[in-house]
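Welcome! Please take a look at the model below, and then we will walk through it together.

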Amino acid sequence: MTAPFVQPAKDSVCATDPCPVPPYRRAAGRDDRPSEDRILATPSGDSFVVLDGVSTLSDDQPRGGWYADTLDKLIVDRLAAGSGVELTEVLHDAISVITREYALTPGASPAATVSVVRLGDTVVEAAVLGDSPVVVIGHGGTVRTLTDTRLAELVATRPQAAEYRRRLATGSGFDIRHHQLLVELRDAQTGWINRPGGYWVVEAVPEAGRQAVTATWSRAELAQILTATDGVSSAVDDYGLYSWTELAASCRTDGPQALVDAVHRAEEHDADGRAWPRYKPSDDKALAHLDLAPGGTPVG
């Protein structure tokens, strides 16, 4: 089986240097702090992982990037072994190892969202924990998304979510009160994390791996696969700048970097969050694009 080309945007940082094959490009991320988003593939290119390390509110030396780096390698090592173990068990095992080896404590550990894609000869499997969706597009343009909305649904019920959106929409900007509202939302999340009725994320509770949202598709039916952290998926889900079909077409013609740059520019033009109320002016961005169509040619 010929491995597809996985092309990331530059804001995503490879967990190894030099990056593994298939070829990746690396960039420094934001100027004031390192990116916590990661993309890493198996040497054969038949599996890849996208993680978004959970950012700290202070942005001081974020540990989410370290966690994403370390867990990324653990997951990829297990995928590269080619045992065919269910993706949920791969995640469970990797979380178990990082928790044990680094003595991580639930509720006090760094964390990350994760998306895993594994290509077989006849099927494509995916698993998602958190807000980093996997999107597959068929040869006829059919779009199917694998998303985990459990945290978003819980946050939507909190008055702080409505207040920060209302304040931004009326021009308050990302001020001290906005920060306070985010702290209150973060405090509320501690009562929901990694427990039934709440939401699940890779952290220090191995059971979270078994709670991932999963899907399997026929490989023959797929033309393109996209995996993005929320810094990119917001361009579709929140900003309405693209449909997933348009975003995939842009990746094919211009490469994912041009797409990521366009989202950055749009956010710069809405620096106070008035048009698109959001947590912060700009988030880290990672985007992986696989072109499975016959004759598909990677860009860049």
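What percentage of the 300 residues in the protein chain do buried residues make up? Buried residues account for 53% of them, where buried means under 20% relative accessible area, exposed over 50% and partly exposed in between (1.4 Å probe, protein chains only).

A word on the basis: this is a predicted model, in which local features need pLDDT of at least 70, side-chain atom pairs count only at pLDDT 80 or more, and totals for chains, interfaces and linings use all residues. Residues are numbered from 1 along each chain as its sequence is written, and side-chain values use heavy atoms, leaving out hydrogens and water.

The protein chain has nine helices and 10 strands, which are DSSP runs numbered from the N terminus (helices: H or I, at least four residues; strands: E, at least two).

Now for the rings. The structure holds four aromatic pairs; rings of Phe, Tyr and Trp (its six-membered ring) pair if their centres lie within 6.5 Å, with planes under 30 degrees apart counted as stacked, over 60 as edge-to-face and the rest as tilted. Trp-66 and Tyr-102 are edge-to-face, because their ring centres are 5.1 Å apart and their planes stand at 85 degrees. Since Trp-66 lies in helix H1 (residues 64-80) and Tyr-102 in the loop between helix H2 (87-101) and strand E4 (112-119), the pair ties together parts that are 36 residues apart in sequence. Together with Tyr-67, Trp-66 and Tyr-102 form one aromatic cluster.

Here is how accessible the two paired residues are:

| Residue | Relative accessible area | Class |
|---|---|---|
| Trp-66 | 31% | partly exposed |
| Tyr-102 | 41% | partly exposed |
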